[in-house]
Amino acid sequence: MPDFGAVLLSLQLALVTTLVLLALGIPLAWWLSSTRSKAKPIIEAVTALPLVLPPTVIGFYLLVLFNPEAPIGGLWVSLTGGTLSFSFAGLVIASVVYSLPFMVQPLQTAFESVGRDQREAAAILRASPFDTFRSVVLPQSRRGLLTACILTFAHTIGEFGVVLMVGGNIPERTRVISIAVYEHVENIEYAEAHILSIGLLVFSFVTLLGVYALNGRYRLRVS
């Protein structure tokens, strides 16, 4: 039987991660697309790090941060009484870090494609920076926005290394689809592994087909 618990948990994780990254990624991408700060290359490099770092490295350092003896892990324990490691909250934080470039880079590209003349015209009409962003930049970036959300959601669905390092394999709590496939293969349960793998394959293909059909201009710039 397919592991519906793992499927539902993966969908829940991908949805929460996409919403969190949407809230964090829009202001960050807007700043990167409009700033002339000398710190911009450093922030861009930090944002793109998950594209080149092994997931196990990211997972290892997150485990260090989540340790109850560390400031972040200790603060979480004092607030909630539980640990970030091997919890759904820990998975969300790990997924946000690992999928960060999949949200920020398409958004940055979309924001940069909006003409400076239109933004300057809005400023001449005394529109505030926020009004300019809301009424001029955001509507013209909707395809990039949708592309970023789709890529982030799909990338989170397929995560393995980071999720395994931070969350382990706890049914109904941290066991997502990719880990369920791994466990089925280890137990020589190939039929169950096939069902989940084919589902992921079809989902990934349909997602990418949708992205390219939507707009091929917002491909990731580091890949």
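Buried residues make up 40% of the 223 residues in this protein chain. The model is a predicted one. Its secondary structure consists of 12 helices and zero strands.

**The chain as a whole**

- Read from the N terminus, the elements run α-α-α-α-α-α-α-α-α-α-α-α.
- Along the principal axes, the C-alpha atoms fill a box of roughly 65 × 45 × 25 Å.
- The accessible surface comes to about 12,100 Å², and carbon and sulfur atoms account for 69% of that surface.
- Among contacts with a separation of 6 or more, 74% are between residues 24 or more positions apart.

- Helix α5 spans residues 88-98.
- Its buried residues are G90, L91, V92, A94, S95, V96 and Y98.
- These buried residues pack against six helices: α1, α2, α3, α6 (100-112), α9 (142-157) and α10.

**The second largest pocket**

- The volume of the second largest pocket is about 210 Å³.
- Its lining is made up of V46, T47, L49, P50, L53, V57, I58, Y61, L62, L65, V97 and L100.
- Two helices, α2 (40-52) and α3 (55-66), each supply at least two residues of this lining.
- Helix α3 provides the largest share, with five residues.
- By residue type, the lining divides into 11 nonpolar, one polar and no charged.

**Salt bridges**

- The count of salt bridges comes to three.
- One of them joins E112 and K40, whose closest N and O atoms are 3.9 Å apart. This pair links distant parts of the chain, with E112 in helix α6 and K40 in helix α2, 72 residues apart.
- E112 has a relative accessibility of 33%, so it counts as partly exposed. K40 has a relative accessible area of 18%, which means that K40 is buried, as the cut-off for buried is under 20%.
- Another salt bridge is formed by D131 and R134, with the closest N and O atoms 3.2 Å apart. D131 and R134 are separated by about one helical turn, because they are three residues apart in helix α8 (residues 129-140).
- D131 is partly exposed, with a relative accessible area of 29%. R134 is also partly exposed, with a relative accessible area of 47%.
- R175 and E183 form a salt bridge as well, and their closest N and O atoms are 2.2 Å apart.
- E183 is partly exposed, at 24% relative accessibility.

- R175 sits in the loop between α10 (161-167) and α11 (177-186).
- With a relative accessible area of 12%, R175 is buried.
- Leaving aside residues up to four places away in sequence, R175 touches D3, A6, L9, N169, I170, A180, E183 and H184. One of these contacts, E183, is the salt-bridge partner of R175.

**P55 in helix α3**

- P55 is part of helix α3. It is partly exposed, with a relative accessible area of 25%.
- P55 and V163 are 108 residues apart in sequence, and their C-alpha atoms are 8.7 Å apart in space.
- When residues up to four places away in sequence are not counted, P55 touches Y98, G161 and V162. Y98 is among the buried residues of helix α5.

**L19 in helix α1**

- L19 lies in helix α1, which covers residues 4-34.
- L19 is exposed, because its relative accessible area is 53% and the cut-off for exposed is over 50%.
- L19 and N169 are 150 residues apart in sequence. In space, the distance between L19 and N169 is 24 Å, C-alpha to C-alpha.
- N169 is also one of the residues that R175 touches.

Note on methods
Residues numbered from 1 in each chain as written. Predicted model: local features only at pLDDT ≥ 70, side-chain atom pairs only at ≥ 80, totals over all residues. Heavy atoms only, no water. 1 Å grid on protein atoms, 1.4 Å probe; cavity = no way out; pocket = protein on both sides within 12 Å on 5 of 7 lines; lining within 4 Å. Points joined across faces, edges and corners; volume = space filled by probe spheres on them. Helix = DSSP H or I, 4+ residues; strand = E, 2+ residues; numbered from the N terminus. Nonpolar A, V, L, I, M, F, W, Y, C, P; charged D, E, K, R; others polar. Buried < 20%, exposed > 50% of the residue type's maximum accessible area, 1.4 Å probe, protein only. Contact = heavy atoms within 4.5 Å. Areas by Shrake-Rupley, 256 points an atom, 1.4 Å probe, with all protein chains shown as cover. Salt bridge = Lys/Arg side-chain N within 4 Å of Asp/Glu carboxyl O.
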